[in-house]
Amino acid sequence: MVKSKIKNISISENKEKLALLIPVGTGAGGTVEAADSLAYGLLYLIKENNPDRIVFFTTELSNKTTLKSLKQQYFDEFGKELNKISNFIKINDIDDFEEFYGKITNQIKSLKNYRIIVDYTSGTKTMTMAASIAATVNNLELMFVSGKRGSKNIVEKGTEVLRIQNLDTVHEEKIIEDTEELFNLYRFKQAIEKLESLGLSDNEEMEFNKTSHFFLYAAYNYWDDFNHEVALHGFKIHFYKYFNDLSAQIRLNIKALKIINDESNDLQKYYILASLIN
């Protein structure tokens, strides 16, 4: 008799791995106190998310101040070295957008099997801007640590709170822009498919915007497939009033479809011919 072997799989084996990408600054004013406070905020971020991997983007100065403090605080908190779960990427020029954006983008690509959170609690304006754009372009979670600030503009210990930026609307707007480009190339079916990939939105205004675009693309797609009757019904939704730059052209198209669908109209065959040519 052959005995089957059953592999025991724990829940942890199926857990999605998490990576934090963290630009590291020196804190408000660049003092030792500021660096320690910022390090504590980053420690709070790490504790709250419990990442499997952390990538720090540091300058020569932040490496000697904030990161040094964070490593000590991490060891005091967990009794182990931060280095074991971390990679450290050196930023040579804090005001070079292309350098930082290129390096954070490379890390995002290398961590494709991870759920990624991009933090922008600290770093120069250039670094935080590049981090935010990288998160937006790649549809990643964007997070920062805030809290009550004292007289020296330093976050008071114990007041830290995580803030999550909702990038869904930005991502959806980018997808809609992509579908508009497809529409302008007469690739109506591809535009519909890309729009449908968004799914339902919690934002009522965005959902209405998507629906309006869907009816626009669907109407022209039916016309492209010579389903003139359905195309005309699509235009009767009157969604075209939300596309001011296209409204005049759409009204002309509706007039043409009415003629195409009217067998008693002497101009029908000419409009059908014109539709074939176009």
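Modeller: A helix here is a DSSP run of H or I with at least four residues, and helices are numbered from the N terminus. The model is predicted.

Colleague: What places Lys103 and Glu99 about one helical turn apart?

Modeller: Both sit in helix H4, which spans residues 97-110, and they are four residues apart; therefore the separation is about one helical turn.

Colleague: How do you know that Lys103 and Glu99 form a salt bridge?

Modeller: Their closest N and O atoms are 2.9 Å apart. The cut-off is a Lys or Arg side-chain nitrogen within 4 Å of a carboxyl oxygen of Asp or Glu, so the pair qualifies.

Colleague: Is Glu99 buried or exposed, and what decides it?

Modeller: Its relative accessibility is 15%. Buried means under 20%, so Glu99 counts as buried.

Colleague: Why is the contact between Glu77 and Lys47 called a salt bridge?

Modeller: The closest N and O atoms of Glu77 and Lys47 are 3.8 Å apart. The limit is within 4 Å, so this pair is counted too.

Colleague: What makes Glu77 and Lys47 a tie between separate parts?

Modeller: Glu77 belongs to helix H3 (residues 66-78) and Lys47 to helix H1 (residues 32-49), so the pair ties together parts that are 30 residues apart in sequence. Glu77 has a relative accessible area of 42% and is partly exposed. Lys47 is partly exposed as well, at 32%.

Colleague: How many salt bridges does the rule give?

Modeller: The count is five. One of them joins Lys174 and Asp178, with 2.9 Å from N to O. Both residues lie in helix H6, four residues apart, about one turn of the helix.

Colleague: Why is Asp178 called buried?

Modeller: The relative accessible area of Asp178 is 18%, which is under 20%, so the label is buried. Lys174 has 44% and is therefore partly exposed.

Colleague: Which residues make up the patch of negative charge on the surface?

Modeller: The patch gathers Glu173, Glu177, Glu180, Glu181, Glu205 and Asp245. Helix H6, residues 168-184, gives the most, with four residues.

Definitions and conventions: Residues numbered from 1 in each chain as written. Predicted model: local features only at pLDDT ≥ 70, side-chain atom pairs only at ≥ 80, totals over all residues. Heavy atoms only, no water. Patch = residues over 30% accessible without salt bridge, like charges linked within 9 Å, V, L, I, M, F, W, Y side chains within 5 Å. Areas by Shrake-Rupley, 256 points an atom, 1.4 Å probe, with all protein chains shown as cover. Lys, Arg positive; Asp, Glu negative; His and termini not counted. Charge placed at Lys NZ, Arg CZ, Asp CG, Glu CD. Helix = DSSP H or I, 4+ residues; strand = E, 2+ residues; numbered from the N terminus. Buried < 20%, exposed > 50% of the residue type's maximum accessible area, 1.4 Å probe, protein only.
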